[in-house]
Amino acid sequence: MAGDWQGGDQLMPIPAEQPRFDQPVVDARGFATQPWMNYWLRMASFLSQEDLSAVVAELQRRVTELEEGQTLGFQIIGDQSISVNGVPQPGHVVIITLQGDQQAPGNTQYYGTGPTGTKGWFPVSGAITVNSGELTKVVGTDGVTTLGLADVADSGAGTLIAITKDAKGRITGSRPATITGTAQQINVANGNAAAGLPTLSLAPEVLSALAEAVTALQPSDVTGPNSVKVTSNGSGGIILQLDNDVATPAALTEYSTNSAGQRGWWRPALFESTGVINGGALSINAGNNARFDMAQAVIGYTDWSVTPTQPTRVLLTVGPFSAQVVTGIATANASYVGIQMPAGTIVQQTSPFTNAQRRTIAQIGVLVHSNNTNINAINDQAATIRAGVNQVGDLMAAIGPLNLTGNIYSANGANLNINKSAGSIFKMGSNFQANNLDPHVVSQGAQTALTFRYRLSNGVEGADTTNINPNQYESAPGVLTAIPILGNQWHVQRINIFQSGMTRIQYGQQLYASAQAAINGILTDAFTTEQNIAENGILRCYLIINRGLLGLLGSATFAPVGKFGALQASSAATPNHNDLPGLQGGTTTERYHLTNAQLTDVGTIPNKYDKTGGTISGRVGINAPNVSENADGLLGIGGSFATAATNSVRALRVDATATLGSGFGFANFDAAGVTDGPNPLDHLIGYQSRPRHAGTGAMTRLYAYASLPTCDGPVTQAFGQYIFDIVGTGAVNNHTGLYIEPLVKATNNYAMWIDGNNPSVFGGPVWPKLDAVVPLGDPTLRFSTVYAATGTINTSDAREKTDVLPFTEEELAAAKQLGSEIGMFKFLSMVEKKGKAARSHVGMTVQRAIQIMQSHGLDPFAYGFICYDQWPEQAEVRREWGYQPAVVDDFGDVVREEVLPGSEVITQHRAAGDRYSFRTSELDEFIIRGLVARLDALEAKS
């Protein structure tokens with residue numbers, strides 16, 4: 001029905017994706033097959049209901065005509081070599097054959113024309129003829145024709161003849177061939193071979209000359225210096241040869257002297273160890289993944305054990321080896337493979353080869369078989385002995401430059417300068433041009449208040465400087481950020497030295513609450529080293545400093561680094577206040593660094609702030625003596641008080657204004673309670689708020705703690721509440737930054753409510769309190785999207801499961817059918833929101849899955865991948881408030897802005913409802929089992 005269809009008075013286009021004529025319309029269950037269902041769905045989207053009904057009616061009429069026996073009028077005509085017998089009518093048979101065809105042609109027959117041009121089957125041999133006396137033709141019982149050369153009679157003996165051959169080796173001509181000699185040099189007898197073989201001899205003139213030469217030169221007249229040896233041949237002649245020469249030297253030898261200075265044929269020192277020179281790749285055998293193959297390899301073997309001054313060297317080609325059994329596959333996770341020399345056989349063991357073994361075993365690689373059944377992976381680890389000096393260079397490059405001696409960094413004084421001691425470094429080829437007898441070691445001089453540069457992790461470098469910068473850190477790659485005044489201020493800078501003697505420093509990339517936390521973070525926290533520093537620099541020390549530092553001496557920690565990067569002991573010194581001139585100053589009556597006597601004097605000033613009423617100016621410090629249990633300290637504000645005020649009542653208020661210097665912190669309220677003594681204590685609270693509403697009137701909001709900062713100037717970071725890490729030397733078992741006890745008092749209890757759309761950032765993992773009890777979201781409050789770097793991990797421990805049972809026939813049938821139901825769909829909510837722009841998703845509906853499970857006699861809700869949830873109606877909860885005027889305190893400060901009447905929704909209305917869902921991972925595995933069953937059936941048929 002592809003093309004156009006006559007519907008009504010006009011041609012209607014029909015979708016062209018109509019299924020093939022042999023595609024069933026319905027399956028064995030009576031359901032429409034997928035191709036026809038897709039065709040009808042496309043047709044339904046393309047045509048109107050009226051047009052679609054007309055198409056179906058036309059299709060039904062045509063099918064009825066065919067069912068009633070209507071035939072299609074046509075005829076079959078044979079052409080060329082085709083013959084047709086019969087008429088294409090119902091009940092008739094039409095036979096189509098080749099002209100001259102046969103039921104069973106013989107062997108090696110061809111269809112064509114014979115000698116007379118008649119069409120039919122003829123033997124292939126009948127078309128082949130040969131010339132008698134040149135070729136022979138034999139036709140076997142199977143019809144195969146064999147051609148050969150005909151025998152030629154022997155013509156007998158004759159004189160010496162020269163023949164001429166063509167490119168195919170055939171004789172094309174001949175001529176007489178006679179051997180002749182050079183006059184007075186060579187005599188030839190019977191040169192044409194007419195009377196036998198030709199004979200050659202020296203002419204008398206030559207023999208006479210040789211006799212004269214024998215008498216002229218005697219063996220004693222020739223001497224051989226150095227390596228040439230002269231001996232007599234016993235017949236008046238001499239023999240010249242090399243000292244200790246042999247007729248057939250061994251392979252891979254050369255004429256030279258050995259370690260004892262003896263001349264002879266010795267094997268050159270092409271290699272000094274045992275290992276692989278070429279080849280030897282390992283691979284998993286294609287026919288059996290529990291076995292392995294090894295390509296051909298060239299192995300060098302040096303044996304120093306017998307004659308250390310003249311080691312035995314063997315160069316051996318081994319392999320290839322195929323389908324080798326892995327001897328340790330059932331007992332170990334890996335097998336080490338090598339070639340045992342000098343035998344050249346494969347050797348395996350489940351532990352690495354020892355140093356002694358590697359003298360006679362050329363290591364090839366490692367076979368990984370962690371499941372103890374088949375080989376999982378191949379690790380090629382050939383112990384190559386090629387280019388030994390280059391391999392040493394490879395190792396030096398991999399280890400990188402090293403500090404050998406000195407180059408210790410330290411504080412210059414009560415300033416931000418640093419010094420470096422003299423030292424030396426090791427780096428491949430760094431000193432070759434200056435001294436090729438010591439090519440890798442460079443000496444570097446001491447530097448005082450040295451000039452250096454800071455460099456960020458992205459390679460951006462600052463200008464020359466002599467001062468350490470304690471007030472900035474690299475908060476993100478290439479981003480230099482000022483360290484906040486409040487919060488963590490400690491950081492770690494890394495000092496590196498180069499071959500040139502230059503110093504480059506990288507800023508810290510993390511902030512810490514204390515110097516010890518910063519030191520601990522060196523070993524645990526990630527740090528991005530700038531590429532050139534990583535490739536060419538040498539890390540010499542970690543500099544642990546904090547924001548606002550004015551001098552390094554006694555305040556900063558220089559933590560040196562060992563030869564291979566290990567953190568060594570700190571070089572920080574105990575601070576001496578008398579060495580800090582930057583903090584001195586003022587008049588003679590001001591005290592900065594107090595002696596014990598001065599401290600005692602300050603503590604005994606009588607009644608310094610013994611005052612009632614009015615305002616006390618200046619700083620107030622109260623030192624309270626020990627008090628009895630449950631008694632108030634001297635700084636105790638408590639008891640009852642009555643007031644006629646209706647707004648802004650405070651039991652305690654602290655107002656303070658300060659103009660601060662750069663880098664200083666300031667707190668309106670700072671509680672630092674200290675406990676002492678050996679007795680165990682229950683708890684210590686730094687700040688406690690216990691508000692209580694005891695009136696009969698309704699209170700709109702009750703805050704145990706409220707934070708309402710005001711910002712009239714630029715602020716880099718604002719925190720409603722900031723919780724620091726615990727400092728000090730005492731041990732802490734558990735530290736919880738924020739703990740909320742179970743809330744049960746209210747109708748609706750929320751441990752934490754974050755309003756608005758602001759994100760919540762977690763620097764560590766998020767755990768439920770109880771294992772496998774608390775859900776994430778619920779059927780009515782779902783997360784829209786979950787972004788994750790990897791998939792979720794679901795418990796699949798055999799110790800927590802029943803035995804895994806095989807699928808029943810009904811389950812297999814349902815699994816197969818569910819796989820056919822997967823299609824494309826769109827969420828109605830997205831279609832309503834985005835229209836045609838709504839994206840398509842892959843899957844099926846739970847309701848259809850339930851129908852399929854039930855059609856096979858299965859209870860769908862007995863399977864974990866079918867989910868169903870119901871919920872009752874939940875009424876809307878709103879909070880309303882009336883007009884509230886602005887509140888101004890006694891100092892004229894607005895403590896609360898004017899509040900206009902309004903309301904807000906605390907809990908949204910939720911209608912009663914239900915929802916079907918899938919556990920898609922389990923559904924996918926259910927469908928996959930059906931696909932496996934179908935594949936098993938197909939493989940069983942093949």
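V492, R494, G508, Q509, Q510, Y512, G521, I522, D525, A526 and F527 line the largest cavity. Here a cavity is a set of points on a 1 Å grid over the protein atoms alone where a 1.4 Å probe fits but cannot get out, and lining residues have an atom within 4 Å of a point. The model is a predicted one, in which local features need pLDDT of at least 70 and side-chain atom pairs pLDDT 80 or more, while totals for chains, interfaces and linings use all residues. Residues are numbered from 1 along each chain as its sequence is written, and side-chain values use heavy atoms, with hydrogens and water left out.

The largest cavity holds about 60 Å³ of space, and a search of the whole structure turns up one cavity of 30 Å³ or more. Its lining comprises five nonpolar, four polar and two charged residues. At least two lining residues come from each of β35 (490-497) and α5 (515-524).

β12 (199-202) and α3 (204-216) each contribute at least two residues to the nonpolar patch. I179 sits in the loop between β10 (171-176) and β11 (186-189) and is partly exposed, at 34% relative accessible area.

Another loop, between β45 (902-907) and β46 (913-918), carries Q908. With a relative accessible area of 62%, Q908 is exposed; buried means under 20%, exposed over 50% and partly exposed in between. The C-alpha atoms of Q908 and E876 are 4.8 Å apart, although 32 residues separate the two along the chain.

Key
Helix = DSSP H or I, 4+ residues; strand = E, 2+ residues; numbered from the N terminus. Buried < 20%, exposed > 50% of the residue type's maximum accessible area, 1.4 Å probe, protein only. 1 Å grid on protein atoms, 1.4 Å probe; cavity = no way out; pocket = protein on both sides within 12 Å on 5 of 7 lines; lining within 4 Å. Points joined across faces, edges and corners; volume = space filled by probe spheres on them. Nonpolar A, V, L, I, M, F, W, Y, C, P; charged D, E, K, R; others polar.
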